[in-house]
Amino acid sequence: METTKTLNSSVLDVRNISVSFGGVKPVQDVSFTIKENSFTSVIGPNGAGKTSLFNLLSGMNKVSSGEIIFMGEAIHSIHAHKIAQKGLVRTFQGAKVIRRLTVAENLMMAVKGNPGDNLLGFFNPRARKSFEVKAREEAMRRLDQVGLTKFADEYAGILSGGQRKLLDLSRALMADPKMLLLDEPFAGVNPTLVEKLLTVLAALRKEQSITFLLIEHDLETVMNISDRVIVMADGKIIADGLPKSIYENDLVIDAYLGSRRKDS
Amino acid sequence: MEAFIQPGFWIFVLALAGIYGIFSLGLQIQYGVGGIMNFGHVGMMAVSGYTIAVLVIKYEWSFWWAALAGVILAAFLGALLGLTTLRLSGDYFAIASIAFAEIVRYWILNTDNVTGGTQGTLAIPSPNGFASYTDKPDVILTWISDRLYPIIGDEASRDLSMVLIVWPFFGLFIWLSSRLQKTSWARVLRATREDDDVPRSLGKNVFRFRLQTLIIGSVFGGLAGVFWSVQFALLAPEDFLRIVTFYGWMILILAGATRVKGLFVAAIFFGFLYGATRFLEFWPLSLLSSPERAYLRVFLIGLVIVLLMVKRPQGLFGKRQEMILE
């Protein structure tokens, strides 16, 4: 493992993946490589296949063809929960919270290697309890980070949309990810909170060397934080490069605004 | 109405409440914690009860080993049901589970040479021509009532002995189940009740959690079957109709599906409703014959379920917020 890392520092290697549902092909022959500790944004208009791509990477859907290699291991044919256990963790568009668990419980359930998650752990109450105490401490630390401490023991169902996004993100972090797939973490979040989230992400990248792959509608928002932008349209990658180069790419402008008139 | 002041009536109510309480404990963990809608729970009780009767009568096993086999078989069938149908989502699983219980009942009904068919366990072919399976537990029940007789006289019935055995077990099972529901295992299970994708994306094998829950619930169903078979000392296919599953559901909904301890009270209420309807002799119910009145309980139980769902979805003891948050 270490040798592959030093040879090339790629965390995620996506090779020619496609998926089709009947006649619909949301992702067609997509390839890219993500470097360790990088920050990549995937942008594209509605229906471009961004979320479908995430569903493939996280194992929620299976590829029709192609390969996905995460940290030197093929993951395209294993269960979603095993992919998450390997450290490739995703969040959801629109932030899914478990409404009828408390905010703290939402976070605590995400912790890996909890002896209490196993039925046999029932017979080892001491190990269970000490783990719970630690999990609760970590959850409170995460909540403090995003300013949700005062909601810790409320049902997550009472949170607002923006607060749910924060919870969703914190919960993914509790699962100790090596790489995070964030599906539109900024959609519907007010600009102040977006700034705050961007700061949190930048700090995580630096302090915990997490690799980020993020879906966003709006190039503007992720312009500064991204090292690289991948643009999708109609299930294909139409541009891939530095944020600045994407800004000036005709194909991208076409995808967003429709073809420009040649005579203008 | 004088039936209600007879201790014997209340003792019967309590015995019934204990047995059905254990039965609904299975549904409680499945639905209240795991969100699994099992409408075929009666199948587990039928399987374990009949396993005992057949093993003891036909194959001359000891009652205790037969009871163990009955519970294990119920757990095994729970696993089988889960492995084949648990990938179906909510409502579809509910339908499949009804079919499962019906398969069990029809199998019992149609394998006369093993189960006694329509005539019940009395018709199970026995090597010694004696179709009773409760000899072993009866020794204990008689021992208890013999000890009580000098103190309380004629009230020392078989039913009372059953109450004294069933209720400590009911209490123990509630305690175990409530302990289990405080673990992080149950927390993940509660998450799966709402959503598959979140726990999956956090590395939890949702199917495993559901399957385990179905099996645990089936064990409670099987245990209820053990007590049921001793209480009535005779089993017939019509004892395990679909309605029995819904008796369990009524107890659960009344108690509040998410709060295991409410089952105590709800089970007694159910036992009363079940036992009392045939004694409700005031007008206008006095216009009905006694067996007709016995059917009133089916109406009443339906009515209670509907009223609770409308007025108090959290049951008597649940938290309203936990039921209605969107």
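Trainee: Where is B:Gly18 found?
Mentor: B:Gly18 sits in helix H1 (residues 7-33) of chain B. Helices here are DSSP runs of H or I with at least four residues, strands are runs of E with at least two, and both are numbered from the N terminus. Keep in mind that this is a predicted model, where local features need pLDDT of at least 70, side-chain atom pairs count only at pLDDT 80 or more, and totals for chains, interfaces and linings use all residues. Residues are numbered from 1 along each chain as its sequence is written, while chains are lettered from A and ligands numbered from 1 in the order in which they are written.

Trainee: Is B:Gly18 buried or exposed, and why?
Mentor: B:Gly18 counts as buried because it has 27 C-beta neighbours inside 10 Å. The cut-offs: buried takes 20 or more other C-beta atoms within 10 Å of the residue's own, exposed takes 12 or fewer, partly exposed is in between, and C-beta atoms are placed from the backbone.

Trainee: Which residues is B:Gly18 in contact with, leaving aside neighbours within four places in sequence?
Mentor: B:Val163, B:Val166, B:Trp167, B:Phe170 and B:Ala267. In contact means that the two C-beta atoms, placed from the backbone, lie within 7 Å. There's also B:Ile165, 147 residues apart from B:Gly18 in sequence and 9.4 Å apart in space, C-alpha to C-alpha.

Trainee: OK, zooming out. How many helices and strands in chain B?
Mentor: 14 helices and zero strands. Of its 326 residues, 48% count as buried.

Trainee: What about its radius of gyration?
Mentor: Chain B has 20 Å, which agrees with the value near 20 Å for a compact globule of 326 residues. That radius is taken over C-alpha atoms, and the globule rule is 2.2 Å times the number of residues to the power 0.38. Along its principal axes, the C-alpha trace spans about 60 × 50 × 40 Å.

Trainee: Switching to H3(B), which helices do its buried residues pack against?
Mentor: Helix H2 (42-57), helix H4 (90-110), helix H6 (135-152) and helix H10 (206-232) of chain B. Among the buried residues of H3(B) are B:Phe63, B:Gly70 and B:Leu81.

Trainee: And how many residues of chain B are in contact with chain A?
Mentor: 23 residues of chain B, meeting 31 residues of chain A. The elements giving two or more residues to that side of chain B are helix H8 (184-194), helix H9 (197-201) and helix H14 (320-324). H8(B) supplies the largest share, seven residues.
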